[in-house]
Amino acid sequence: MSNTDNAPVPGLVEKYEQYLSEFVYGGIDGSVTTFAVVAGAYGASLESSVVIILGFANLLGDGFSMSVGAYLSSKATRDNYHKQRDSQLHAIHNSPAVEKEELRRIFRDKGIEGSLLDELVSRISSDPAHWVDIKMKESLGMIPEGKSPLMTGLVTMVSFLIVGLIPLMVYVWDFFDPVRLHLFTVASVLTGLAFLLIGWAKAWVNDTSRLRGMLESIVLGGGAAMVAYWVGYFIDHLIS
């Protein structure tokens with residue numbers, strides 16, 4: 001068997017790599033919101049069983065809600081692109097002279113003149129599909145959305161569930177097999193590690209400082225948890 005038989009399918013890695021940002025941001029939201037629920041429940045001195053109930057209700061409810069939002073947003077972007085493309089294609093077919101002059105202006109603004117400009121306009125205008133793609137990019141600043149809306153929503157939800165489960169893991173473990181550990185402390189350490197990892201991944205996706213990305217995740221996630229903790233604490237003492 002040749003080495004090429006074991007080689008990855010061309011473009012397969014790139015196909016799924018484009019959804020990395022959805023995975024990262026789904027994970028950020030999952031870890032922050034679920035840990036905030038756990039912190040609020042701990043602040044209110046709720047039983048572990050209640051923490052599990054509230055945590056999983058948030059995990060599944062918010063995870064589904066976020067995935068639907070990601071799906072609808074991606075679908076709206078794609079639908080708007082196709083709507084604008086159809087409009088531009090209609091203009092090309094019905095007003096070719098006007099559209100050619102606009103095409104000429106686009107390339108003249110880029111510094112192309114004379115016979116080269118004439119040839120370029122002639123070649124592009126001979127292919128309406130290519131012509132409209134040029135118009136979409138240069139006139140409207142729009143490029144086709146390569147991501148599947150369904151996959152965008154699915155990746156967001158899977159990431160939300162996987163990373164968002166981390167703050168609840170020790171509580172679930174303790175429910176089935178009691179452990180001699182301070183559950184909230186363990187949950188805080190595990191979630192802190194998740195914040196660091198997801199902050200690094202966010203910085204990697206955005207090509208920014210890794211250290212800054214990790215610190216931002218720790219500060220923002222920790223801040224949300226502190227707010228939730230004190231809200232739970234004050235409400236518990238208010239109604240007690």
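Author: What follows is a short tour, from the overall fold down to single residues.

Author: This is a predicted model, so to speak of local features a pLDDT of at least 70 is needed, side-chain atom pairs count only at pLDDT 80 or more, and totals for chains, interfaces and linings use all residues. Residues are numbered from 1 along each chain as its sequence is written, and side-chain values use heavy atoms, with hydrogens and water left out.Reader: How many helices and strands are there?

Author: The protein has 10 helices and zero strands. Helices (H or I, at least four residues) and strands (E, at least two) are DSSP runs, numbered from the N terminus. Along the sequence the pattern reads α-α-α-α-α-α-α-α-α-α.

Reader: What is the radius of gyration, and what would a compact globule have?

Author: The protein has 26 Å, while a compact globule of 240 residues would be near 18 Å. The radius is taken over C-alpha atoms, and the globule rule is 2.2 Å times the number of residues to the power 0.38. The C-alpha atoms fill a box of roughly 80 × 60 × 30 Å along the principal axes.

Reader: What share of the residues is buried?

Author: Of the 240 residues, 33% count as buried. Buried means under 20% relative accessible area, exposed means over 50%, and partly exposed is in between (1.4 Å probe, protein chains only).

Reader: What about contacts along the chain?

Author: Contact means heavy atoms within 4.5 Å. Among contacts between residues at least 6 apart in sequence, 76% join residues at least 24 apart.

Reader: Let's go inside. Which residues have the most contacts in the largest nonpolar core?

Author: They are V38, V51, Y171 and F184, in a core of 17 residues. The elements giving two or more residues to this core are α2 (20-43), α3 (48-94), α8 (169-176) and α9 (183-206). A nonpolar core is a set of buried Ala, Val, Leu, Ile, Met, Phe, Trp, Tyr and Cys residues joined through side-chain atoms within 4.5 Å.

Reader: What does Y171 touch?

Author: Leaving aside neighbours within four places in sequence, Y171 is in contact with V38, S48, V51, I52, L183, F184 and A187. There is also a second, separate core of 13 residues, which includes I112, V121, W131 and M136.

Reader: Why do nonpolar side chains group like that?

Author: In soluble globular proteins, nonpolar side chains tend to be buried together.

Reader: Now P167. Where is it, and is it buried or exposed?

Author: P167 is in the loop between α7 and α8. P167 counts as buried because its relative accessibility is 0%. Setting aside neighbours within four places in sequence, its contacts are S31, T34, F35, V38, A187 and T191. P167 and A39 are 128 residues apart in sequence, yet 9.5 Å apart in space, C-alpha to C-alpha.

Reader: Which helix holds T156?

Author: T156 sits in helix α7. T156 is buried, because its relative accessibility is 3%. Beyond neighbours within four places in sequence, T156 is in contact with E22, G26, M66, S67 and A70. T156 and M66 are 90 residues apart in sequence and 7.2 Å apart in space, C-alpha to C-alpha.

Reader: And L150, buried or exposed?

Author: L150 counts as exposed because its relative accessible area is 62%. L150 is found in helix α7 (residues 149-164).

Reader: Charges next. How far apart are the mean positions of the positive and negative charges?

Author: The 18 positive and 25 negative charges have mean positions 6 Å apart. Lys and Arg count as positive and Asp and Glu as negative; His and the chain ends are not counted. A charge is placed at NZ of Lys, CZ of Arg, CG of Asp or CD of Glu.

Reader: What about E99, buried or exposed?

Author: E99 is buried, because its relative accessibility is 8%. E99 lies in helix α4 (residues 96-108). Apart from neighbours within four places in sequence, E99 is in contact with Q88, A91, I92, W131 and K135.

Reader: Last one. What is phi of S45?

Author: Phi of S45 is near 60°, a positive value in a residue other than glycine. Most residues other than glycine have a negative phi. S45 is in the loop between α2 and α3, and S45 is exposed because its relative accessible area is 56%.

Technical notes
Residues are numbered from 1 along each chain as its sequence is written. Side-chain values use heavy atoms; hydrogens and water are left out.
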